[in-house]
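Let's walk through this model together, starting at a ligand and then moving on to the aromatic rings.

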Amino acid sequence: MGYKDVYADWLADPEAFWLKQAEAVDWIRSPTRALFDGDTPFYEWFSDAQVNTCWNALDRHVAAGHGDRTAVIHDSPVTGTKSRLTYAQLLDRVARLAGALQARGVTKGDTVVIYMPMVPEALIAMLACARIGAIHSVVFGGFAARELAARIEDAQPKAILAASCGIEPSGIVRYKPLLDEAIEIAAHDPEFCVIVERPQFIPDMTSPRDIDWQSFVQDAEAVDCVAVAGNDPLYILYTSGTTGKPKGVVRHNGGHLVALAWTMRSIYDIQPGEVFWTASDVGWVVGHSYICYGPLVNGSTTVVYEGKPVGTPDAGAFWRVIEEHKVKALFTAPTAFRAIRREDPEGALIEKHDLSSLKALYLAGERADPTTIDWATRKLNVPVIDHWWQTETGSAICANPIGIEQLPIKPGSPTVPMPGHSIEVLGEDGEPVTSGQLGALAIRLPLPPGTLPGLWRAPDRYQQAYLSRFPGYYETGDSGFVDEDGYVYIMSRTDDVVNIAGHRLSTGAMEEVLATHPDVVECAVIGVSDKVKGQRPIGLLCLSTSCIREPSDVATEVIDLVRKEIGPVASFKTAIAVKRLPKTRSGKILRSAMAKLADGEDPAIPPTIDDPAIIDEIRQAFQNAGVLKRP
Ligand code: COA
Ligand code: AMP
């Protein structure tokens, strides 16, 4: 069957389609139905089934005689170490950590926060939670204490599993003091924290709540998997919305397993025993689905890479890893390739490696520009597959499903909708636009298995953020169009979310931080285009008339503030003082017009602007600050 047949098969009978895909999962009690739609607009999948995600990721492979197969390769150029864990070894470590957590009272339905860099313990922690039915929430290491605190406060974890530090090319990032600060800020205290003490930073462990990982697991008893319902949460993953308060995306066990099993074969064409490498971070959804769960559920080998595409030690790092570990498919963000190309435009370092194992490159997380796709295709000589997805969906909305059939690639498009996704391009009035026209990308409800059933303990926010603008649809927050061949193009976000080096961040959250500076009376943060990171944030500050200090000093202070409050991952490095901000008469700041202006475009200015002269003032301010691009 080709793609069109598979998609038509799903469309004709979604229930039968997903029940068929569910056969790839080992259920404790098989589902009698796929969709549960008794509480619209909330939908759930496989709710009457019982399952365990960890069983599907580990035990069943060992039980089938594949215990000696490599499950995880940890390749860490930042520490100069490499190690491997077989399925049997990984199972043993996971089952013992699960036993230790259970012995400390962590049970099904409890939440556990995980704050770790790219070390095997991050996967062990996730899988141990899954094993005992605890709900994990992994927090990306590049966030500052306040962001970690917001997540602790919302998730209310019984325990926190963390590492003492992460290692960035710029130096050691001390996670443990950040964790202590976050617990201090948060209005919730975990009962205990288990810390992986890395030799690069031995932390202060004097608090009675702290336990060192080694002693925690040393005498722990390995425990079996706990049965959970198909609609019990496996994890919460916080993502940026329009405000400073992150949204807790919930993922259920059953649908997630079905979706990952299907995508590993159909989209990525990966068989058990083959090596799949997602060069991202466990703190992002890409890391949850395709560093941890997807490859393991599929019985494949996953690479946990603790390094960068450049600088660890050079732009040949990715090629070394592919050659050394015989990687069949690489998945990363386009920004990584832009960084490599900037350092090695001719791809000279590629020539030095045998990349014959590599069959495809997958890109996601941000728009893949045709120049990057073209360069990667020429240099690697494999299909370069752009695919579109979000934290909320957990796997691809649109892709080129090479495990089914490789469709012609059109650079700039993540190809076509995957089964389960019926995409509509909607105009301002909520009506579908004609083919080729730009509009808001919406997905007809219900969303397929594996997508978010809601936000953690925030059903109203879920409805308001995703379901209210276009009744009957899920609003993706992306705008784009569909061409005459049904190929989807993603153009930009319709909200205040920016994508910096493939990392999704909220300009609203940055504005909230800038506004706390005593000299700032009004501010706006916009995402302007950046050659390597895709986008970068720029802050515009209106200073108080009583401010007698140099605007550049205030700018430096707010830059430090964003780093301290949100974290280095925000890459907030530019703030410009302006006299006033362009607004409509109703007071809406024209953020996207300013972003286009900085990018050298001639933006459409709404006739309701309160004073058109402000546009020239802003253009001048961009020019003076050296951020104005030539048209
Ligand atoms: N823990 C602590 N700090 C982190 C971190 C982590 N896990 N990840 C990033 N940071 C820090 C970086 O050290 C950097 O700090 P600095 O300002 O002190 O230099 C800052 O956050 C910004 O990081 P980043 O956006 O990654 O920029 P970079 O200049 O360090 O690297 C790339 C640029 C393109 C090489 C890098 O972004 C990359 O490898 N991207 C791959 C794509 C990816 O992983 N996308 C995720 C979704 S698929
Ligand atoms: P995240 O939730 O962090 O995965 O970010 C999701 C957002 O990243 C999407 O809503 C898009 O704005 C953007 N994105 C992800 N993949 C793509 C892609 N292939 N092309 C364009 N934008 C993408």
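An oxygen atom of ligand 2 sits 2.6 Å from an N or O atom in the side chain of Asp478, a polar contact (a pair of N or O atoms within 3.5 Å). Arg493 also brings a polar side-chain atom to 2.6 Å from an oxygen atom of ligand 2. On its own, ligand 2 would expose 490 Å², and the protein buries 94% of that (Shrake-Rupley areas, 1.4 Å probe).

A word on ground rules: this is a predicted model, where local features need pLDDT of at least 70 and side-chain atom pairs 80 or more, while totals for chains, interfaces and linings use all residues. Residues are numbered from 1 along each chain as written, chains are lettered from A and ligands numbered from 1 in written order, and side-chain values use heavy atoms, leaving out hydrogens and water.

Now for the rings. The count comes to 29 aromatic pairs, meaning Phe, Tyr or Trp rings (six-membered ring for Trp) with centres within 6.5 Å; planes under 30 degrees apart are stacked, over 60 edge-to-face, the rest tilted. Phe42 and Tyr462 make a tilted pair, 5.8 Å centre to centre with 35° between the planes. Tyr462 is buried, at 3% relative accessible area (buried is under 20%, 1.4 Å probe, protein chains only).

Phe143 and Trp284 have centres 6.1 Å apart and planes at 65°, so they pair edge-to-face. Both Phe143 and Trp284 are buried.

Key:
Polar contact = N/O pair within 3.5 Å; in protein donor to acceptor, adjacent residues only side chain to side chain. Buried < 20%, exposed > 50% of the residue type's maximum accessible area, 1.4 Å probe, protein only.
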